[in-house]
Every structure is written in C-alpha cells, then in structure tokens.
Amino acid sequence: MNHVSASAVVDCLKWIVFNLNLFCVFQITTLINHKDKPKKSEKTLRAIQRVGQAVNVAVGRFVTVGEAIATENEELKEEMSFACYEARRAGDTIAQLTDVITSERPESDGKMTIFSDKSGMVKAARMLLSSVTKVLVLADRIVIKQIITSRNKVLATLEQLEKVSSFQEFVQIFSQFGNEMVEFAHLTGDRQNDLKDEKKKARMAAARAVLEKCTMMLLTASKTCLRHPDCESARINKDAVFHRMRFALEQVIEIVTDARTSGEPEIPPVSIYSGIKDFKGKVENLREALYSLSKESLVAMLEGILEHTEDFTDSAYTSHEHRERILELSQLARQELEQLVTVWMQAQQSYQDKEATEEMELSILKTCQSMNELRRELHNAAVELAADLLKYHADHIVLKALKVSGGEGNLEAVAEYTCKLTEQKEQLVETCRLLRHISGTEPLEITCVHAEDTFQVIGPQIISAAQTLALHPSSKIAKENLDVFCEAWESQLNDMSILLREINDVFEGRRGEKRTYLSLPRPGKHSTNLKAVKAVKLDAEEQTTISKLGLELRLLTSDVDSESEKWEDQDQEIVRQGQSMSSMAYSMYLFTRGEGLLKTTQDLFHQAAVFSEEGFKLCSSLQAFSSQLGDDEKSVIVSETEKLVALCQQLQMMAKAPVHGKNATFQKVDSSIQNTKSIMTVVVHLLPVCNKIIRKYKCEKSNLGSPQSWREKQLPTPVSEDALNGKNANGFGVKSLEHHMANLTFLESK
C-alpha cells in the first residue's frame, strides 16, 4: 500500500463517521422512539433518505480504499476483503431501508405512513460499525508497519553515512537519505495528526522537531568531518548528531507502537502542578466521603509537593523575594492542612456527621486557597526568570562572539566564551525544569522537557563546532557548521518564548483541559458560598434542540465540502474561503456534541465571530468576482452576496453581545448556530453558481481571463506562520533540506 492509500482510508473514515452519526440520530432513534407505523412528513422522509444514501456513498468510498489496501498487502488480503464485503453489504441494506419515498404515497394530511424495520436497521448498523472497525484496525496495522519500515530504511542509510570516507560517496548516500527522511516525515506527520492522546501527540511533535533540526546538522557536521578527518572536535560534533537522531527515531517507534524498546515502563516526571491538582481533588472529595483516605496519605501528598518546591528554593537563579515567599506559603499550607486534619478527625468521631461540617468546609476552602497561592507564587517565580533570561539573551552576544573568535582562530577567546555559553545553557536548562513544574498541562510538560533536552545537547555541540572552526579558521564548511548549530539554539530560544506564552495562557484560563460539556457561565472565582458550585448543564430538552441544530449544520458542511470538491481550481479564493467557513462550522457542530476544540459557550461565541469575519472575506472575493461578469450573472452573485453580508453582520453583533444567566446563554447559543446555518445555506447555493460561471467562461475562452487571473485580483488573505516558515503538517523542513542538498556539491577548498 502506498502513502496515499493510508491517508485516504482516514479521510473516508471521517466521511462515514459524519454521516453515520446523522443516520443514527435521524433514523435509528426515530425507529426506537415511535410506533410501528409512524406518520412522517415528506420533508422528514427526504432527510432520512438523504442521510441513508450519504452513508451508503461514504461506505462505497471507504470500501474502495480498503479493497485497494487488501490488493497491495497480501498478508492481510483475506481479512481486509471480508471486512470490506461486510461493510458494503451493510451500506446497501441501510440505503434500502431508508429509501421510503419511492415506495409510499402521501395521505390526505400530506404525511406518509412507513413501516419501520427496527431489527433490520439495528442489525445493519451493527454490521457496519463492526466491519468498519475491522478495516480500520487492519489499516492501522499497515500504517504502523509502514512507519517501522521507513524508520529501518533511514537507520540503514544513517549507518552508511556514518562510515563514508569520501565526498562523492557521501553526496550519493545523503541524497538517498534525504528522500527517505522526507517519506518518514510525511508518514509520522499523518500519524501525529491522527493521534487522540495529547501526551503522545506532544511527544511525537518533540521527536519530529529533533529529526528536523538534526537532518540539517547531520549534513554540515558530516561535511566538516570529511573535510577535517583528523579533527577530534569535528568527530565529537558529528557523533553527537548521529546519536541524537537514532534516539529520536526510536522515540517515534515507541509512540507509534505504544511500547518501550528497552522493555521498561515509562515513568513520567512528577510536576508540582499535577501534584497540587491531585492534592486539591483529594481534599475536596472529603466533603462527600469523610473516610475516603487516611490522614497520613494526605499529609504525605503535601510533603511530596513541598519537597518538589525545593527545586525553586534551592535554585541559584530564584530571587531572594520569591524564595522567602515560597517558604512562607509552604509553611502556611502545612498549618492549614493540620487544622483540616483536626476538624476532619472530629467529624469522623461524630456518628451524626456523614458529610463535612461547616467548620470543616471552611477548612477545606482555606487549604485549597493556600495551595492556589503557592502555585501562583511558583508560577510567577518561574515565568519571571524565563522572561528575564529570554530578554537578556535576545541579542545572542555569546553566539556572535564565538563565531568571531572561531573565525579568527583565537582558541583562548573561544575557551572564554565557551564558559559563558555553558553558564547560559545551565540557566536555560534549570529554567525549563522550573517551567515544567508549573506548565499546567501534560503536553506542555513534555514540551518543557524537550526544550531542556535540546539546550542540554546543543550547547556542547556549539562548543565543539566553535573549537573546530578555531582550529581551521579558513574553513568555510566549519563556519557553515557552526552557523547551523547557532541557528538551532536561536530557534529553541524562540520556541521557548512561545512556550512561555502558552503556559501563561493556561494559568490565566485562556486555554487548558477539557471542561464540562456545554457548560454555562460559572460562579465567580471568589464566591462566598462555602460549597463549590458545579458548572450548570443544559437540560435534556435544550441538549436535544442544540444537537438537532448541530446535525443540520453538519449536513450543510457536507454539502459545502461536496460542492468544493467539484472545483477544478482548489486554490481559487472563493472555494478556499468556503472550505474555511465549512471547517469552522464543523467545529461548531462538534461543540453541540461536547467534542472538539470549543469547550465552553464563550469558545463558541468567539468561533462565531471569527466565522463571520471569514464570511466578510468571502463577500469581498465575491464582489471582486462579480465585477467581471455580465449583468445577468452579476445580479445573481450580487443578490446572494448582499444576503451574506447582512447575515454575517447579524452573527457578528450577536457573538459580541454580552449575556447573563442560563436561559439567555442558551438562547445565544441557539441563535448563533441558527445564524451560522443560514450563512452556510447561502454558501452552498453560491459555490455551484460561481463554479458554473467559471467553467462557462473558461470554455468560451472569454476575455475575462482564467480563474488564476481572477484569484490574483482578490484581496490578500492572511498567511499562516507555518507557511512563512516553509513547513506544513506532514513534512518538516523539506525546503531547507532541499536547499542544503542543492548546495552539497559546492565544497570549498581548504
């Protein structure tokens, strides 16, 4: 199976899951909740038939890919072929059972009476889910096998590169290595996107970042070693790169196969943030369960947290003020827990008290408050230290001095600045350790560990590269090698500043872990109530209403996606903006199911505002497009564009309007999704109209110009940061790799 097939099976899975969700709600639920001969309007029946057909089409696409996979993988051919057969049969059955309009006639009241084959529908749905799951499991095994095979090829070529003794041989093998790394980058990029576990996704991102940087380092370090074969510092520099690449490759396989190559279980480092979170959870649980744990275990948990705070108080880089405050708050936490234990024991001895007393409730709040204050102080200490370090090293004075002194062949100056870089490295490593303690989420903890490891490794590599240049000051290749390692250091400092912003966002509540499903506004942080008030949920009727709206919105996003696929020029502004709006609308649909990136109603309202802004961009593109058309065609586009502008303005005002209380918030959620539906309805109508006009003018070879020329006249759209950096979701630094390979043969003389 090739790489395209692996991605295609995932795309088809999305289609089938989307439509199957719709099918289950509209059809199976209807069958279960109604009589044997329910009456349905023609509109409802058409919706049911439409969803059934959509499921069958999605199954057909899915099975086609599955059958192609079976053909290309002999060892799984029999299993895969049978699972595909079962899936196709189930899809056909569902299409037949939902095809009710052609066989029934409406009665006098305009409604139809249908016979519901409940058992047949349930059986078909079960068969479909079972067979799809089987295909996915088999496809997943193949994808994992692909990644392992790709890794093995990279390792084999890596070993050849390590042993080469001539430039000519190196150029040939590195060319092969570059192609293999690009393939590995795409495979692991797809896998990273498919991972649901945020910790694994963060670990994969870290390992792939190492491979990206090391690919560039390996090229220049190897060239330097070949140019100066007797130079010990050049050999040390090269060996470190090869070692780190092998380690990163093994990490990727551990993540993909969910196994440790060493056979030992991974023991994640304990952070103060997670310790405080667990401790507070135990303390708050005492409200309902006085006998849930022993006082000794609670005291031990606190002492374990306070032991970790010694990383801050023992650090030479923590200010005196922060150190004193951390010690003071640590003592306060001990006192509050001691008081809590006293009233807790009293409540246990009183048989009448099955829940926390008012005195104990107050003590619980004070204990949790003391932990919050301690966490805030630790956060401030780590963040201030990191911010100061980043500001101080923003000019990269030490790196510049190393380059200059190395280029001058000044070994004494290199030794002097080596000491300064080592001190800088120790500061950054220590800061990353402190940041990990207060990062706020497990993925950010992993990113902090990655940053720590990177500084720990690249620091000595810069030093060995500088020493090599000082020994061979006229060597252009040694200078290029030092530049590459210095760029990696600067890049990691930039990544650290981004990490710092993300940690602050989590701490301030702007992003973080998943919250209560469709949670409505919560009480203020400083509520005077003794008992913590839980997030309010929508009642069953409200959830049903929102879910139904979400499913209708999902149908519209499917229609937009379907129309978008019909466009020959996928880069045309109109279709790209339509696809972007469809993606945003889909995230709003996921919100109605309690899934996706939108966790709260506030997130939804923000997404609605962004969605309306994208709608305005589409309006601008449509206006520019219509200005080049004849009167008849122009009037159609202008009319629909005016509708779109009005709807986007309405949604934008609604999204920004403040609301208070559960009912008002529910109404705003309902209105936001209704309005988004209306906008998507207009987009669904516009896309085929515009596509038809473009095709018509293209065929007639009119003087309007090609779609490309129209696109150039559109207003500029924002460019993503990844695009500016020459990266994408699947490959890492491919342009940079190609650039280095293109210059590979331009080797300077000694």
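The secondary structure of the chain comes to 24 helices and 2 strands; helices (H or I, at least four residues) and strands (E, at least two) are DSSP runs, numbered from the N terminus. This is a predicted model, in which local features need pLDDT of at least 70 and side-chain atom pairs count only at pLDDT 80 or more, while totals for chains, interfaces and linings use all residues. Residues are numbered from 1 along each chain as its sequence is written, and side-chain values use heavy atoms, with hydrogens and water left out.

Of the 750 residues of the chain, 47% count as buried. Here buried means under 20% relative accessible area, exposed means over 50%, and partly exposed lies in between (1.4 Å probe, protein chains only). Residues 24 or more positions apart account for 80% of the contacts in the chain with a separation of 6 or more, a contact being heavy atoms within 4.5 Å.

Helix H13 spans residues 397-407, and its buried residues are Val398, Leu399, Ala401, Leu402, Ser405 and Gly406. They cover an arc of only 160° around the axis, which places them on the same side of H13; the arc is that of the directions from the helix axis to the C-beta atoms. An α-helix has 3.6 residues a turn, so residues three or four places apart point the same way. Ile397 and Lys400 are exposed on the face of H13 turned away from its buried side. The helices listed below are among the elements that cover the buried residues of H13.

| Covering helix | Residues |
|---|---|
| H14 | 411-438 |
| H15 | 442-471 |
| H16 | 476-507 |

Most residues other than glycine have a negative phi. His396, in the loop between helix H12 (358-392) and H13, has a positive phi of about 55° although it is not a glycine. His396 counts as buried because its relative accessibility is 19%. Just after H13, Gly409 takes a positive phi of about 75°.

**Packing of H11 and H12**

Helix H11 (residues 320-349) packs with H12 at an angle of about 160°, and their axes are 9 Å apart. Axes are lines fitted to C-alpha atoms, for helices over the stretch in contact, and angles run from 0 to 180 degrees between N-to-C directions. The angle makes H11 roughly antiparallel to H12, a term for angles over 145 degrees.

**Ser620**

Ser620 lies in helix H19 (residues 601-626). Ser620 is partly exposed, with a relative accessible area of 26%. The C-alpha atoms of Ser620 and Ile574 are separated by 9.4 Å, and the two residues are 46 residues apart along the chain.

Notes
Parallel < 35°, antiparallel > 145°, perpendicular 65-115°, else oblique.
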